[in-house]
Amino acid sequence: MTTTGTVLDDIVVGVREDLAARRRAVPEAEMAARARAAAPALDARPRLLGDGTTMGLIAEVKRASPSKGALAEIPEPAELATTYAASGASAISVLTERRRFRGSLADLDAVRSRVDVPVLRKDFVVEPYQVHEARAHGADLVLLIVAALEDGPLRELHDLVSELGMQALVETHTEDELERALALDPGIIGVNARNLKDLTVDLDRAAGLLRRIPAGPLAIGESAVSSRADVEAYAAAGADAVLVGEALVTSGDPADAVASFRSVPRHGRPLPEGAQA
């Protein structure tokens with residue numbers, strides 16, 4: 001549930017303002033028609049699982065963040081995405097939020113036109129229009145942040161993502177959010193080590209939540225990755241893949257960083273406390 005006055009709330013206010021302008025330019029019915037006319041979405045699960053022995057990686061095109069400000073210029077997002085894919089990335093995440101992350105739907109278009117791996121639209125999705133936009137612009141995955149949505153809209157958006165042939169990465173930060181996410185019976189659950197309400201980071205807390213995810217959905221560790229050791233920590237907690245942006249765009253050698261993170265052995269999900277093998 002949302003909490004008044006948080007960083008997340010402030011971001012969503014701006015997202016809704018920008019969304020209203022885009023809706024005036026392209027009415028909802030037209031955007032929905034474009035979404036349904038788009039080429040079929042790619043299935044991300046096989047790519048994220050790979051052969052099951054090493055960690056999957058969603059490599060992110062990320063220029064800036066609310067916590068760190070500017071990270072990298074990235075004048076040609078498609079070139080960076082091509083490097084990621086050629087180096088073994090399982091999927092590409094493209095930030096499309098303009099005000100805090102300096103992203104755009106044009107970035108999504110550019111990346112989609114150049115890579116043949118699944119592409120995630122990463123944004124603060126709060127209305128069906130944005131889901132239709134994602135499909136119309138070629139996204140295969142859509143981020144749904146549980147903290148930004150009440151249960152009704154969350155289910156509505158999750159259902160629409162599936163209806164359009166895409167997959168939702170349902171992002172959680174707390175035990176309550178994880179329970180709400182699991183109620184959707186999602187195919188992919190993300191656990192973000194960064195609390196979007198105050199921007200603090202706690203990888204140990206994220207690891208604890210990952211261990212609570214049952215068999216079935218893929219588990220994605222998000223944020224707090226600055227080195228291979230952090231990917232190893234996510235792997236030990238049972239993550240099937242990690243989503244990494246900052247560490248790649250600031251590494252100086254994104255190809256080498258992708259290859260290093262992708263080679264981390266996967267552990268599988270640990271049994272919950274008290275469970276019998």
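Student: In which strand does Ala241 lie?
Tutor: This is a predicted model, in which local features need pLDDT of at least 70 and side-chain atom pairs count only at pLDDT 80 or more, while totals for chains, interfaces and linings use all residues. Residues are numbered from 1 along each chain as its sequence is written, and side-chain values use heavy atoms, without hydrogens or water. Helices (H or I, at least four residues) and strands (E, at least two) are DSSP runs numbered from the N terminus. Residues 241–244 form the strand that holds Ala241, namely strand 10.

Student: Is Ala241 buried or exposed?
Tutor: A residue is buried under 20% relative accessible area, exposed over 50%, and partly exposed in between (1.4 Å probe, protein chains only). Because the relative accessibility of Ala241 is 0%, this residue counts as buried.

Student: Which residues does Ala241 touch, leaving out those up to four places away in sequence?
Tutor: A contact requires heavy atoms within 4.5 Å. Along the chain, Ala241 is 182 residues from Ala59, and their C-alpha atoms are separated by 10 Å. Beyond four places in sequence, Ala241 touches Leu48, Met55, Gly56, Leu57, Ala219, Ile220 and Gly221.

Student: With which side chain does the side chain of Glu28 make a polar contact?
Tutor: Glu28 belongs to helix 2, residues 28–37, and is partly exposed because its relative accessible area is 32%. Not counting residues up to four places away in sequence, Glu28 touches Arg23, Pro128 and Tyr129. A polar contact is a pair of N or O atoms within 3.5 Å; within protein, one must be able to donate a hydrogen and the other to accept it, and residues adjacent in sequence count only if both atoms are side-chain atoms. At 3.3 Å, the side chain of Glu28 makes such a contact with the side chain of Arg23.

Student: How far apart in space are Glu28 and Arg194, C-alpha to C-alpha?
Tutor: In sequence, Glu28 and Arg194 are 166 residues apart. In space, their C-alpha to C-alpha separation is 33 Å.

Student: Which residues of helix 6 meet helix 1?
Tutor: Helix 1 spans residues 7–25 and helix 6 spans residues 128–136. From helix 1, the residues involved are Val15, Leu19, Arg22 and Arg23. The residues of this contact divide into three nonpolar, one polar and three charged. On the side of helix 6, the partners are Tyr129, Gln130 and Glu133.

Student: Which backbone nitrogen does the side chain of Thr6 reach?
Tutor: Thr6 lies in the segment before helix 1. With a relative accessible area of 10%, Thr6 is therefore buried. At 3.1 Å, its side chain reaches the backbone nitrogen of Asp9.

Student: What is the phi of Asp185?
Tutor: Most residues other than glycine have a negative phi. Asp185 sits in the loop between helix 8 (175–182) and strand 8 (188–192), and is exposed because its relative accessible area is 67%. Its phi is positive, near 55 degrees.

Student: What is the phi of Ser223?
Tutor: Ser223 is found in the loop between strand 9 (218–222) and helix 10 (228–236). Its relative accessibility is 22%, so Ser223 counts as partly exposed. Although Ser223 is not a glycine, its phi is positive, at about 75 degrees.

Student: Over which residues is the pLDDT below 50?
Tutor: The pLDDT is the predictor's confidence in each residue, from 0 to 100. The protein averages 94, and 96% of the residues score at least 70. Where pLDDT is low, the predicted coordinates should not be read in detail. The pLDDT is below 50 over residues 273–277.

Definitions and conventions: Axes are lines fitted to C-alpha atoms, for helices over the stretch in contact, and angles run from 0 to 180 degrees between N-to-C directions. Ala, Val, Leu, Ile, Met, Phe, Trp, Tyr, Cys and Pro count as nonpolar, Asp, Glu, Lys and Arg as charged, and the others, Gly among them, as polar.
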